[in-house]
Amino acid sequence: MTERKPMTLQRLLDMHASGDKIAMLTCYDAAFATLLDEAGVDVLLVGDSLGNVLQGQSSTVPVSLDEMVYHTRCVARGRKSAWVIGDLPFDSYQSSPQEAWKSSAALVKAGAHMVKLEGGGWTAPVVRFLVERGIPVCAHLGLTPQTATMLGGYKVQGREEAAAALMKQHARELVEAGAQMLVLEMVPSALAAELTQSLGIPVIGIGGGVACSGQVLVLHDMLDVTPGRRPRFVKNFMQGAASVQDAVLRYVAAVKAQTFPQDDLHGY
């Protein structure tokens, strides 16, 4: 297998500019980091979703910064070329930009190349504070799991005209503050497509439609090992696959070929 060049932020920006799709998956340990990297996954997201799929929590809220640092360190040891994003967990960045800096620095020291935080509006100054000090930031709009209770549960965001306008405003503010990537979760495909075309940074969809710059899924969801009902935007890539690695290869190929997601099956 040909060894891949290390993924960089500039390469991700170039992929967005040229229309090459970015394949991202969540990852929580060294063994899967190696497998996903060798299968061609561009970005490994050490997601606070580990609270759900590894810890059996009902939400991501109980996940601690120490736990995120531990899993980021594990993933960083296993990857060779993929870009690594570490999630800032609940109660690790909300109180002040200074708190966000300390939390982000801990993830970067553990091996993250970028940190991700949820929400818009109040987060723009936090993003600016981090970026000005040398930490790349991925923003996250739409359904934000850490604050799902405030949003009325796990529902599609941005359907109404006012809500869509507010999301566009928040996205622009985040880009102006220096965010270099954006995750859109459970957002109408047309709105996600508009943001992808207008923002100038990679927009990664999870229930955001095929027009996004790339896609992300929770690893355990796409391997069909998460108990319970799957969200509409999930596809079981283990079905028909010969192995876990084959399933991941199929996912990467489908994202690159724009055969996943299909807006009529997986979008809103």
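R230 forms a salt bridge with D224, with the closest N and O atoms 2.7 Å apart; the term denotes a side-chain nitrogen of Lys or Arg within 4 Å of a carboxyl oxygen of Asp or Glu. D224 is also partly exposed, because its relative accessibility is 37%.

## Basis of the model

The model is predicted: local features need pLDDT of at least 70 and side-chain atom pairs count only at pLDDT 80 or more, while totals for chains, interfaces and linings use all residues. Residues are numbered from 1 along each chain as its sequence is written, and side-chain values use heavy atoms, with hydrogens and water left out.

## D221 in helix 9

D221 lies in helix 9, which spans residues 219-222. Helices (H or I, at least four residues) and strands (E, at least two) are DSSP runs, numbered from the N terminus. D221 is buried yet has no salt bridge. Which side chain of opposite charge is nearest to D221? It is R230, at 4.9 Å. For charge, Lys and Arg count as positive and Asp and Glu as negative, whereas His and the chain ends are not counted.

The side chain of D221 does make a polar contact with the side chain of T226, at 2.8 Å. A polar contact is a pair of N or O atoms within 3.5 Å; within protein, one must be able to donate a hydrogen and the other to accept it, and residues adjacent in sequence count only if both atoms are side-chain atoms. Leaving aside neighbours within four places in sequence, D221 is in contact (heavy atoms within 4.5 Å) with T226, R230, V234 and K235.

Two strands pair if DSSP finds at least two bridges between them. Strand 1 (residues 22-26) pairs with strand 8 in the parallel sense over four bridges, and A23 stands opposite Q215. Strand 7 (residues 203-206) also pairs with strand 8 in the parallel sense, over two bridges; here I204 stands opposite G214.

## Other salt bridges

The structure holds eight salt bridges. One of them joins the side chains of E132 and R133 at 3.8 Å, N to O. E132 is exposed, with a relative accessible area of 59%, while R133 is partly exposed at 41%.

R250 forms a salt bridge with D246, the closest N and O atoms being 3.2 Å apart. Both residues lie in helix 10 (residues 244-257), four residues apart, which is about one turn of the helix. R250 is partly exposed, with a relative accessible area of 36%. Elsewhere, salt bridges link R4, D37, D42 and K256 in a network.

## Cysteines

With a disulfide taken as a pair of cysteine sulfur atoms within 2.5 Å, the count is zero. C74 is in no disulfide, and the nearest cysteine sulfur, that of C27, is 9.6 Å away. C74 is buried, with a relative accessible area of 12%.

C212 is buried, with a relative accessible area of 0%.

How values were computed:
Buried < 20%, exposed > 50% of the residue type's maximum accessible area, 1.4 Å probe, protein only.
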